[in-house]
Amino acid sequence: MDTNILLESGTNELEILEFVLGDNYYGINVAKIKEILLYQHVTPVPNGHECVEGIFMPRDTMISVISLRRCLGLPDGDMDGKFIITNFNKLNIAFHVDEVVGIHRVSWEEIIKPDATINVEKNGVASGVSTGVIKMQDKLVVILDFEKIVSDISPETGLKVSDLENYVSKDRSKSPILLAEDSPLLSKLITECLRKAGYTNLIVNANGQEAWDKLVAFRDAGTAHENVHLIITDIEMPLMDGHRLTKLVKEDSNLKDIPLVIFSSLINDEIYRKGESLGADAQLTKPEIGNLVKTVDELIEKYEKVRAE
C-alpha cells in the first residue's frame, strides 16, 4: 500500500485502515498491511480451526484466510467482501472483512485504551481482542489486536518462554531494564523471559509516555544511568509509540547513551530503516524472543564497560 507515514520518523502518529463487519467499525494499523484484495475463492483445509476459512494462492504464495466475523462471534456473511493481506511476526495472513472504508491519520494520543469491562482479565492477563478505541465523528472505531487473534488460533506463532529453556541463568539484577509494552500478555511473557535469564530489576510500563515520564524523572534527578541500563520498547502503543520514545531518548544528550531495543511484530525492511534512522541500538521481531536475552546481554555489557571507563 502506498502510504507516506512509514517514511516519517518519531511523529507519534499512525494511519488506521477502517473496515466494516456487520454494522460495526474496526481498524488496523496500516503498517501491518501489504495489500487489499477483492474476495477470492478459498480452498477449505480439513480439520482446520473454525475461524480459518481456508487457503488461497495469489502470485504463487500460499496465504491462510481468517474470518474476522467468526473470530468476533458474528454469523457468516455473504461470500464476498475484501481480504486485508497482512504481514507481521514474519507471517502473511489474509483477514476476510465485509468492506473497507478508508484510511485515517491519527495520533497515538487519540487512541483510548480499553478498560476492564472490554478486555476482561484471565489469570492476570487481558483476554480481549481490542487494543484501543478511536472516536471518529459520530462513531467508535475499535482497533483489533490481530497478533492475539492469530496467536489464539495458532499458539505456536506467539511468544514462548520455552524459547529460553537452554539459556543459562545468572544474577543480572544489577542491570536494570526499562520496558515499554502495552499488551498485558506480551509484557508478562517478556518479563518472564528476562527474569528467567536473571534480569530481575525491571521497570515495566504500559506505554511509551509512561516510560518517557520515568526516564525524565530519573534524568532530572541525575540518576538515569544508575536506574536504567537498557530500554526495550514495542512500537504500537497508546499515548506514545515506540518510535517517538526512541526519538526522544536518542535526541536527549543525557539519555542517548542508554542502549535501546525495539521489540515488535512490525519489524520489516522499511520499519527497520525507520528504527535505524531514529538511533535504535537493536531491532527484533517478536518471534525472535529467543535472541532477546542474547542481544540484551551484549548491549548491557558494552554499555556498562563504557560507563566503568
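Reader: Leaving aside neighbours within four places in sequence, which residues is I231 in contact with?

Author: This is a predicted model, to begin with. Outside its sequence neighbours within four places, I231 is in contact with L178, L215, V249, I258, P259, L260 and V261.

Reader: How many residues are in the largest nonpolar core, and which have the most contacts inside it?

Author: That core has 27 residues. W212, L215, V228, I231, L245 and V249 have the most contacts inside it. Helices α4 (208–220) and α6 (242–250) each supply at least two residues, as do strands β13 (177–180) and β16 (260–264). α4 gives the most, with 5 residues.

Reader: And what does the second core include?

Author: The second core is separate and has 21 residues. I66, F88, L144 and V150 are among them. As a general point, nonpolar side chains tend to be buried together in soluble globular proteins.

Reader: Switching to I203. Where is it placed?

Author: In strand β14, which covers residues 202–205.

Reader: Why does I203 count as buried?

Author: Because its relative accessibility is 15%, and the cut-off for buried is under 20%.

Reader: What does I203 touch, not counting residues up to four places away in sequence?

Author: I177, L178, L179, K214, F218, N227 and V228. Take L179: it is 24 residues from I203 in sequence, yet their C-alpha atoms are 6.0 Å apart in space.

Reader: On to α3. What should its 14 residues span, and how far apart are its end C-alpha atoms?

Author: Helix α3 runs over residues 184–197. At 1.5 Å a residue it should span 20 Å. Its end C-alpha atoms are 20 Å apart, so the two agree.

Reader: Which residues of α3 are buried?

Author: L186, S187, L189, I190, T191, C193, L194 and A197.

Reader: What covers them?

Author: The cover includes helices α2 (146–153) and α8 (289–308). It also includes strands β13, β14, β15 (230–233) and β16.

Reader: What happens at the start of α3? And what follows α3?

Author: At the start, a side-chain oxygen of S183 comes to within 3.2 Å of the backbone nitrogen of L186. After the helix comes G198, with a positive phi near 110°.

Reader: New topic: β5. Why is it called largely enclosed?

Author: Because 4 of the 5 residues in this strand (residues 63–67) are buried, the rest of the structure largely encloses it.

Reader: How do β4 and β7 run against β5, parallel or antiparallel?

Author: β4 (residues 52–56) runs antiparallel to β5, with 4 bridges joining them. G54 stands opposite V65 there. β7 (residues 91–97) runs parallel to β5, again joined by 4 bridges. In that pairing, I66 has F95 as its bridge partner.

Reader: How many residues lie between β4 and β5 in the hairpin?

Author: 6. R59 sits in that turn, with a positive phi of about 50°.

Reader: Last one, N12. Buried or exposed?

Author: Buried, with a relative accessible area of 7%. N12 lies in the segment before β1 (13–21).

Reader: What lies 2.8 Å from a polar atom of the N12 side chain?

Author: The backbone oxygen of L239. Setting aside neighbours within four places in sequence, N12 is in contact with S107, W108, E109, L239, M240, D241 and R244.

Conventions:
Residues are numbered from 1 along each chain as its sequence is written. This is a predicted model: local features need pLDDT of at least 70, side-chain atom pairs count only at pLDDT 80 or more; totals for chains, interfaces and linings use all residues. Side-chain values use heavy atoms; hydrogens and water are left out. Buried means under 20% relative accessible area, exposed over 50%, partly exposed in between (1.4 Å probe, protein chains only). Contact means heavy atoms within 4.5 Å. A nonpolar core is a set of buried Ala, Val, Leu, Ile, Met, Phe, Trp, Tyr and Cys residues joined through side-chain atoms within 4.5 Å. The expected span of a helix is 1.5 Å times one less than its number of residues. A polar contact is a pair of N or O atoms within 3.5 Å; within protein, one must be able to donate a hydrogen and the other to accept it, and residues adjacent in sequence count only if both atoms are side-chain atoms. Two strands pair if DSSP finds at least two bridges between them.
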